Amino acid sequence: MQNYYQKEIETMPVEEMKQLQSEKLVKQVKHVYENVPYYRDLMDKKGVTPDDIKGIDDLHKLPFLTKADLRDAYPYGLLAKPLSDCVRIQSTSGTTGRRVVAFYTQNDVDLWEDCCARAIVAAGGTNEDVCQVAYGYGLFTGGPGLNGGSHKVGCLTLPMSSGNTERQIQFMTDLSATILCCTPSYAAYIGETLQEKGLGPDDIPLKAGIFGAEPWTEEMRRNIENTLGIKAYDIYGLTETSGPGVAFECSEQTGMHINEDHFLAEIIDPDTGEVLPEGSKGELVFTSLDKEAFPLLRYRTRDICVLSRKKCSCGRTLIKMAKPMGRSDDMMIIRGVNVFPSQIETVLLNEGYQPNYQIVVDRKGNTDTFDVNVEMNADQFTDTVSGVTAKEKALANAMKTMLGINPAVHLVAPKSIVRSEGKAVRVIDKRKLHD
Ligand code: ADP
Ligand code: ZN
């Protein structure tokens with residue numbers, strides 16, 4: 001049986017949802033125009049007034065907002081409410097440059113936590129569950145978001161934050177945690193640590209995991225599901241739109257339902273800004289429909305993915321987004337070829353390696369160098385030198401088939417690549433230092 005946190009919204013007929021979105025959009029545009037001079041200027045420059053926006057079909061008339069705008073307007077330039085009405089600040093992880101700060105009213109926090117609660121319920125969570133939140137707490141949105149959602153569902157919440165993996169495992173077993181929330185790379189690390197202790201899936205009480213905040217492949221999902229003995233659900237979000245819970249996976253595990261009563265999604269061509277039809281791959285753009293303090297209209301996420309309205313077996317009618325396989329800025333152009341770290345992850349896991357790797361790109365003369373360091377499995381560590389070389393070659397060939405260019409693969413000692421307790425750093429691009 002399917003459970004929903006807010007059934008009426010989650011299963012609302014599409015036409016009704018569009019009507020709801022239209023009504024909210026009209027109000028939201030007025031709110032922004034009246035209270036955010038920065039965006040009002042952008043609208044004025046484009047010759048658009050709030051009266052031009054009568055519903056979601058007019059969305060394309062509005063100007064985009066980019067991360068550069070957010071940095072320009074730092075810290076208060078996009079604030080739409082007096083600070084006296086705000087109760088919280090959160091900030092991006094700073095993965096790609098200067099941090100962005102976002103503001104929340106109490107109502108904003110409530111709606112955000114509802115979104116996370118929908119995700120937990122979709123993963124099978126109820127008030128009988130013990131929910132271990134191992135995302136970082138603090139300015140990062142992961143911990144606070146899932147913590148709030150867990151409370152709303154009525155789970156017994158274990159606010160662990162990230163790190164101290166030994167204690168995570170001890171509390172997980174002693175206090176019978178049934179749901180684990182953290183980044184997928186940290187989930188993999190917790191799984192690895194369990195194995196080292198000689199513990200298997202049957203030794204821990206977990207049944208589900210809610211993992212997000214960074215790209216992860218289907219291969220990585222299977223790896224985590226097997227080591228932890230759980231069903232692993234994806235969750236997506238970004239600080240700019242509130243945090244995790246913008247979209248969440250259901251039991252079908254074929255993409256994430258977007259909480260589109262709060263976040264209106266579009267896919268655009270990242271080069272031209274043109275809106276693309278459903279099913280096209282492009283850059284995800286969000287318009288917040290309910291946010292009071294930090295409402296963003298047509299915010300370009302730089303995440304590349306596809307939207308789909310295909311009927312879902314869970315009964316939810318909310319539109320789905322495919323797993324974003326990295327942001328446009330994660331894409332490396334190496335010797336003229338586009339390479340995403342996720343492609344390398346796919347090859348590694350398919351070839352029987354663990355998801356512990358780092359990509360180093362540099363430039364020698366006019367040529368890009370492309371090195372992939374991969375940890376050997378413990379049994380390979382005792383291989384002869386020629387045995388290791390042969391394995392490196394085989395892996396490089398598999399990557400060449402996937403990518404079209406040849407990396408230099410280096411098998412390194414087990415445990416020599418730093419483990420991540422938050423978002424993993426997969427790429428070191430030294431070319432940027434020389435530019
Ligand atoms: P930063 O931009 O500094 O990393 P955030 O913590 O707000 O700050 O990260 C939001 C970004 O994280 C998203 O734009 C997206 O690129 C990535 N992300 C979040 N959840 C997922 C997910 N489930 N799959 C892939 N990428 C994700
Ligand atoms: Zn579904």
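How many residues of domain 1 are in contact with how many residues of domain 2? Contact here means heavy atoms within 4.5 Å. The count is 25 residues of domain 1 against 17 residues of domain 2.

**Before you select anything**

This is a predicted model, where local features need pLDDT of at least 70, side-chain atom pairs count only at pLDDT 80 or more, and totals for chains, interfaces and linings use all residues. Residues are numbered from 1 along each chain as its sequence is written, chains are lettered from A and ligands numbered from 1 in the order in which they are written, and side-chain values use heavy atoms, with hydrogens and water left out.

**Stop 1: the two domains**

Colour 1–327 as domain 1 and 332–434 as domain 2. These bounds come from an automatic or database domain assignment. The two centres, taken over C-alpha atoms, are 30 Å apart. About 1,600 Å² is buried between the domains, and carbon and sulfur atoms give 51% of that area. Buried area is the accessible area (1.4 Å probe) that two parts lose on being put together, summed over both.

**Stop 2: salt bridges across the interface**

The rule finds 3 salt bridges between domain 1 and domain 2. A salt bridge is a side-chain nitrogen of Lys or Arg within 4 Å of a carboxyl oxygen of Asp or Glu. Select Lys 415 and Glu 196: their side chains meet at 2.7 Å, N to O. Glu 196 lies in helix 8 (residues 184–196) and Lys 415 in the loop between strand 18 (408–412) and strand 19 (427–429), so the pair ties together parts 219 residues apart in sequence. Helices (H or I, at least four residues) and strands (E, at least two) are DSSP runs, numbered from the N terminus.

**Stop 3: the zinc ion**

Go to ligand 2. This zinc ion is coordinated by Cys 250 (SG), His 257 (NE2), Cys 312 (SG) and Cys 314 (SG), at 2.1 to 2.2 Å. Donors are N, O and S atoms within 2.8 Å of the metal (3.2 Å for Na, K and Ca). Along the chain, the donors follow the spacing C-x6-H-x54-C-x1-C. Next, select His 257 in strand 9 (residues 256–258) and Cys 314 in the loop between strand 12 (299–308) and strand 13 (320–321); the two are 57 residues apart. His 257 is buried, at 0% relative accessibility. Cys 314 is buried too, at 1%. Buried means under 20% relative accessible area, exposed over 50%, partly exposed in between (1.4 Å probe, protein chains only).
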